[in-house]
Each structure stands twice: as C-alpha cells, then as structure tokens.
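Reader: Could you walk me through this structure, one feature at a time? I would like to learn how to read each kind of feature as we go.

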Amino acid sequence: MLKGVSCALLGLFILLTFRANAQSVSGTIRDGKTNEPVIGAIVQIKDGKGGAATDLDGRFEISPAPALPFTLLITYVGYENLETQVTSLDKPITLKLRAKEVELKGVEVTGSRISEKQKQAPLTVESMDIIAIKDCPQPSFYQALGTLKGVDMTTASLGFTVINTRGFNSTSPVRSLQLIDGVDNQSPGLNFSLGNFLGAPELDVLKVDLIAGASTAFYGPNAFNGVISITSRSPFIKPGLEVSVKAGERNLLEASVRWAQVFRNKEGKEKFGYKLNLFAMKANDWEAENADPTEQSRDGITNPGGYDAVNRYGDEYNSAMDLTGAITLYPGGGRFYRSGYWERDLVDYNSRNLKTNVAFHYKIKDSVEVILASSFGTGTTVYQGDNRYSLKDILFFQNRIELRKPDKYFLRLYATNEDAGKSYDAYFTALLLQRTAKSDPDWANDYYTKYRSFRSRIITYPGYPQPSQYPRYEDYVAAINPFLLENYYDSLVTYHNISRAYADGVGSSNLNDPFLAPGTMAFDTAFAGITSRKSYSEGGSRFYDKSALYHAQGEYKFIPAFMDITLGGNFRLYRPSSDGTIFSDTAGRRITNQEFGVYTGFEKGIGEKLKLNLTARFDKNENFDALFSPALSAVYTMKPNQILRVSFSSAIRNPTLADQFLYYNVGRAVLLGNTKGYDSLVTVPSLLDYFINQTPLEYFNLDPVKPEKVRTVELGYRGTIGKNLFVDLVGYYSSYTDFIGYQVGADVTVIPSASLIYINNIYRIAANASESVSTYGTSIGLSYFLGKFLTINGNYSFNRLEKSSSDPLIPAYNTPENKYNIGISGRDIEAEVLGLRLRNYGFSINYKWVEGFRFEGSPQFTGYVPQYDFVDAQISKRVPKIHATFKVGASNVLNQRRFTVYGGPETGRLAYASILVELQKN
C-alpha cells in the first residue's frame, strides 16, 4: 500500500509542476490606512471579460489577461471604488483602497465584510476576520468563536476551551477538526485539539473560518461535526513589529510579540520573508468544586455515611467496603463512603502557556512560494475526559514544508510530536493516595468496628422500633433507618463522623498509615511519588505519551473552459507511544496506524446565476474498510446580493487511537480499544443477579469497532435586504450511523463442578451503536451595518436529537435546544458628542443566552447544566501617533457564575486591560 501511495504522491507532484502558458495579471489589495489585506474584494477588467475575488492574503489573479493596456476596477463594500491602468505584466501590482468616510449622524449603510466567495460557499461557514479578532470583547479570539451562529463553547478549564457545532458536544472533541494553515492541530495521542492551548498566537491570526456540519468530502476524515480553520498572516501581508501585553483578574498576565521582515530582489519584487512569534500566558485557573452528588452515587448529600461528590475523587461507593451488608443491619448504619480528595488538592491550578513559531517564505515566482515553518507549545492546564487530568508541562511540536500557488496547487508535508511531560490522572491519583494509607477492606473494617460501638446507645433512644413489633425481621430492619433519620439525624451524623475519623486514623489496622491529609509532609511525599510513577509499569498515575503524526497531502486545480476541476490526496501515519500507560503498547509492543485518501471536485457555472459543486472522496484506514464520502451542492444567485443554496454532504470518523488500542486500568475497570472484537463477555447486571439470586449469566460478543458515518442535507439563504441588513439562514437534517461508544462486560471463569465463578476483570470496550439517530435544526444570523462605524449582530440556533431507541451506546448529545447572541460593535468611531470630538474609539458588547441541557460525560461527570446567560464587553482607543491600541474589557461582565460542562469549573468574570503596538514596516 505504501508503494501505491508513493506513486500517487509522485504523480500529484508532477501535476504541481504544470504551468500554463497564458499570461495573467496578479496583485494584492490592501487597506489604505492599516495596510492589512482586503479579503473578498472584487477585481474586474473594465469594459471587458474576466475578474476575481481577493483571497485571505488579499491576492488576486486573472488569467488570461487582455491585451495591454487595460483598466482594472476594484470594488469592495465600505471602500471607495478604485480604477487603475495596467501597462505591464512583468510583476504583481499592489493597490490600496480608501475607506468611505461617513459621519456618525445620518449614516447610510453600505455593506458588510462578508465576501462574495463566502456568500456562495456550498457549506455553512461562519468567519472572524482580523478586524473582528481585534475588536472581540472576550479575552481571546478563540473564546469569541462561542458568539458565532450555531456554536457551543465548553470551558473545562481556563486553558482548555472546546468549540463544537450541531450537537454531540464533548470535552474530547474527536468529531471536530481544527486546522492551522491547513495543518491538523490535533494531539497525536488524543486525536483531537486542546482548543487553542497549543495552537496559534492571536497576533498571528488573519482569519478563522468555522465550517458547521459534515465536511469529510472537503476536509478529510474526522471533519464530522465541523471544521475550525485558522489562517495565520504571511510575512508578506504585514511585516514589522507587533507587541501585545494583557493583564487582568485571576492574576492573568499575557504577552505576545510578532516580528516579520520582507526582502526584495534587484527588481524590487518581494522575494523572501520570515516571521517570528512568541506568546506567553499565566493565570490562576478556575477551580472545579461541585459538591453535588453524582448520578452514580447511591446516596444523597443527607446520608450520614457520606456520598459520592462530583469533584471529590476516591469517595465512590465500593462493594469491597460493604462487609456483605453487615452494617446495614445496625441502626443508622446505611452505606458509607471513603473520605476522598477534592480536586483542588490534586491538580495544579497555576495555568501556564507558552507558544512560539517561526516561518520562512521564499517566492520562486511572484505567486509561487515555498514555506518552512516550525511551531512549539508547552504549558500546564486541566483537561476533562472520562476523568479530570492535570496536563503538566506538556510539550507539542509541529514542523511543516509546503510548496504552494494560492488557488492553484499545494504540496504539504508536516510532522507533529508531543510529550505528555508530567501529566497525570487526578481521579486515579486520589484512589492511589487512599490505598497507600489503607486498603478499602481495612478502612471499611475500621469504620464498621467503631460504628458498632454506638449500637448500645442508639437502641435505647425513645421510640426506637423493637423487633417484637414486626412479624418479619426484614420489616424491622427496613423501619430502623427511616425512624432514626427522621428523629435522630444529628446523632447519626456525629457517630458516622467519629467512625470516619477513626478509620481515617490508624484504627485497628495499625500496620497502615493514617489518612494522608493535604498539606502534610506525608501527603506531599506520597503525592509526588504517585504522580511521578507511570500508571502501567510502576503503579503510579503519570502518563507517558510521546506519540507522533506524519502527514503528506497535495492538491491541484485545473481550470479548463468548461468547469473547474480539483484533484487531491493525502497519506497519514500515526506512531503512538505510551509505554502501556494509555495504549496496549505493553511489553515492548510498537503500534502504528496508517490511512490515505484521494478526492476530486468539480465546479460548474451554468449561466451567471447557478453554480454546481460535486466532491467525492475515498478513504482507507489499514484497520477498516474503504469508505466513500460524496458531497453535492447547488448555489443559485437570485440577485447579486440574494443567494440560495441546497447541499448534501457526508462525513466519516475513523476510530481514534484510543478506540482502537486503548489499554487503561482505572482501578475498578480496564478501558480497552477494540480492533479484533471480544467473545464470551458477561453482562454486569446478570453477574450481580447471579450472586444475589443465582440466576443464569448472560453472555455477549462484541464485533470490532468501525468508523462512524453521517449524511446531512442543508438548505440555506444568504443575502442583503435593502442596503443595511445581511441575513444568513440555514436548516439541516442529519442521519448518523455506527456511533462509537462503549460496552461494559466481565471476563469470568466458571467452575461448574464447584459452582464457583471467578471475576478475572471488568472491561469497558469501544463498540458501535446498533441503532441510528437523526438530528435537525435551524439557525439564523442577522447583521445590520451602520456605515463605517456600527454593526448590530444577532443570531439564534435550534438543535434537536431524534432518538427512536434506548441504545446506551448512542453518545451524549450534550447540546441545548435553544441559544442566541445579541451584540453591537463600533470601530474607528469619529463623532462629536456634547461638543467633544471623539476619534478612533471602538467598542463591542455581546449578550449570550443558553438553555439548560443534560450533559452526559463519564459516570463521574454526567448531570444537568442549568440555563445561563452573560454579557461580554470592551472599549478601545486607537492612538495612531504611537501606533497603539488600548483596550479594556471583560467576559461575563456581571460575574454570573455558571457551568458550561458538568464536572468542570463554575466560571465567572474575567476582566482585563491590554495594549497593542503595531510598528508597520513597509
């Protein structure tokens, strides 16, 4: 297969060397004041045929060019039209547009920053350009993505924010793809991106496109629920020095530096450019301290013997402490739980983040360049998956080499490497800390022994039920606890607290150590030892993860007279390395996983109003059958500013490395991947029934896990009503099959002759759902533009899951049915207020409302997220003389504490002040 892939890539490389003989006119359109690229400007040949829209770098190319001389007409909403005569095609031209100057009073709306290319896109695309990024009120542009239409934002910690669209939200966003300059930003071991924690520095971001829904045909496997595509700024776009400093609440301190330089040849053409970025941040993270009982807790907060709290770990009910139910026969006994540890005692809440990158750009020709880029990220934060994990000093490296001609072809090779550093499982750490002091049976025996000493007091309480009052002993037992809880609750709590203190102390198991209390030397010593030892081979809770990803991809666009044709392909190789702490690479076993894909696209314009787009993709992973992902769309331009589209798209999600190769012992179960299937497992309910009622065991088999699939139909409208209102409306319906979840089963050994059953292990195994589900929804975005200065935005989204069965493998939907945003913003405001002349001010305010919804994570982190709302706001002042912009803002201005994910922290206000200095080097 590798030979075939190599041949395919060689053929693709040959295609990339193809050159057309026809001459073309090309160049760059920039803002006359800021020198930033103008995206989506229309460049036309006046009184002739031919035209183009500028790309993300502000570049355009029209081929073939007419006979010299000729005139170009450049138009863009909010700017004055520009005409320029072209007398030579020897080099690209650079043109600057002048913004229309409009007074604040009596403004006339002129348009939006939404390009024609975006309006005619076959998919639902939400965008943030460089202006929106600078003006967002949130502390970072990544958080600002949560205000876009149809977007769910989940905050698992200050450093770990997850963006998702169209349902099945998760703190492990394996169903979304995040790209930075076309490079997959995923962690090779986890198979998803850690938000922007290891992503792009904000100073270097040019634009973010968020594509909602199934997109495999356009972006490859795992573009299942959507794509976050981040484009950085080429050094040719904005050379010079930029420095940003930000400080705020929670001891937030952030600094970022960007330096770019361009060199020209003797003819004055830009030939070589490079850029350097450095970003550093530190802050005190939000603390997860939810004391509510988990849904798996068999008792509530009023149980005298304790309960299982959401963010207290190690306090789960354990059958090893049940003592065959003996304590329940004692008055007021009930179930009792180990003391556990709160998360704040187990993780590092001093969040830190360092990101740096360097890129070298060399232009072989005016529009053909080679790029060498390298990026590095490191930091400490909290990640939430099945458990809560402390990602401590994690390291992340990406290196890329690319040959490209924008909108024509590219060949891209990159490698991603990571190192988990000192990361560890906080939940498993709590279990090991308790077992270091005392085993569960020893602790339970001490607790039971002490509580039993209070029996003589309890049975003498006035009104205490006597056995003679009940015909059956079990009726007497059933009456004891309700009576005592109602009449002597405080006494029971006292007795249980004394028993807990006794069990946590030395107790009767005097060979063990007492409870390791946080803050003591004994705790610190045990904690350091546990978190420094690997979980598989050394009995600790630390991860070892030095996984790698290698990727090659290329694409070429043909533009014959009858239609546009795109050909592309990619090859990907995973090399996970966990030394058995995450995957089944135990005893020296090496794991690899490879996949490849090829695709083609056809775009055909019929007349001036209808555009058809057909894309087909074929993907093959070495462990799964080949899959086909088609997409078809029709875009109809009713009027120049009224566009309808209908589309069918599809996506696949290959099982992650964890779904395939996971081997993770969490103490009470082993979590397993599934590439070969499993036979003769016993259902846990039937195992429990066997021990209680001697009923027969129920066996089941599991097939190997296979890829997920989704098919989506969309209908959308984008257009401008009148001169001032832009509307973006979309409705969709999606059908999902073969969802990947897990099943729990027991591996047992039965000895019929002795009527004995030995439980070898309890497994949680990756598996596919047997039933399909569907989702549907709609969203609408409105933008009302008030000239150059003001914009009023609003959006509303509705999403619903239709589930016809109770298949437990259908993954959690975790999405509110209703949510909306309302905002107003202004930039470069020049007006007279009360006789005072205001110049170069900006502001933005956004209100977000989210309906309450059920969040289903792991058993520890499943519960209801209540409805919440909050306001983000900022005000800024640009001082051109010193090339600086001052900004003061806050997310959640009113400090309304709320959860966005069950099990995560309750977040509040984060106010900040920043200064940005931009020293342009032309």
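Reader: How many of the 11 residues of strand β23 are buried?

Author: Before the count, a word on the source: this is a predicted model, where local features need pLDDT of at least 70, side-chain atom pairs count only at pLDDT 80 or more, and totals for chains, interfaces and linings use all residues. Residues are numbered from 1 along each chain as its sequence is written, and side-chain values use heavy atoms, with hydrogens and water left out. Helices (H or I, at least four residues) and strands (E, at least two) are DSSP runs, numbered from the N terminus. Buried means under 20% relative accessible area, exposed over 50%, and partly exposed in between, with a 1.4 Å probe and protein chains only. Here, nine of the residues in β23, which spans 409-419, are buried, and the strand is mostly covered.

Reader: Which strands pair with β23, and over how many bridges?

Author: Two strands pair if DSSP finds at least two bridges between them. β22 (residues 388-405) pairs with β23 in the antiparallel sense over 11 bridges, and β25 (residues 548-558) pairs with β23, also antiparallel, over nine bridges. You can follow this at F410 in β23: R404 stands opposite F410, and F410 also stands opposite E555 in β25. Look at the turn as well: the hairpin of β22 and β23 has three residues between the strands, and D407 there takes a positive phi near 65°.

Reader: How do I read a sheet, such as the one with the order β3-β2-β5-β6?

Author: Read along the order to see who sits beside whom. This is an open sheet of four strands with antiparallel pairing. β3 (51-53) and β6 (82-86) stand at the edges with a single partner strand each, so one side of each is left without a neighbour in the sheet. The twist averages 20° from one strand to the next; angles run from 0 to 180 degrees between N-to-C directions, and axes are lines fitted to C-alpha atoms, for helices over the stretch in contact. Within the sheet, five bridges join β5 (residues 70-75) to β6, and L72 has T84 in β6 as its bridge partner.

Reader: What pairing does the sheet with the order β4-β1-β7 have?

Author: That open sheet of three strands has mixed pairing. Its edge strands, β4 (59-62) and β7 (93-97), each pair on one side only, and the twist averages 30° from one strand to the next. β1 (residues 25-31) and β4 pair in the antiparallel sense over four bridges, with E61 in β4 as the bridge partner of S26.

Reader: Which residues have the most contacts inside the largest nonpolar core?

Author: In soluble globular proteins, nonpolar side chains tend to be buried together. A nonpolar core is a set of buried Ala, Val, Leu, Ile, Met, Phe, Trp, Tyr and Cys residues joined through side-chain atoms within 4.5 Å. The largest one here has 32 residues, and Y341, L346, L433, L516 and V865 have the most contacts inside it. Two or more residues come from each of α6 (426-437), α11 (521-532), β43 (853-856) and β45 (868-879). α6 gives the most, with eight residues. Contact means heavy atoms within 4.5 Å; leaving aside neighbours within four places in sequence, L516 is in contact with residues including Y341, L433 and F523. Apart from this core lies another, of 27 residues, among them A156 and F160.

Reader: At what angle do α6 and α11 pack?

Author: The angle is about 125°, with the axes 10 Å apart. Angles under 35 degrees count as roughly parallel, over 145 as roughly antiparallel, 65 to 115 as roughly perpendicular and the rest as oblique. α6 and α11 are therefore oblique to each other. Where they meet, T429, L432, L433 and T436 in α6 face F523, A526, F527, I530 and T531 in α11.

Reader: Which residues of β43 are on its covered face?

Author: F853 and F855 form the covered face, and R854 and E856 the uncovered one. Four bridges join β43 to β44 (residues 862-865), and the two run antiparallel. A hairpin of five residues connects them, and E856 has T862 in β44 as its bridge partner.
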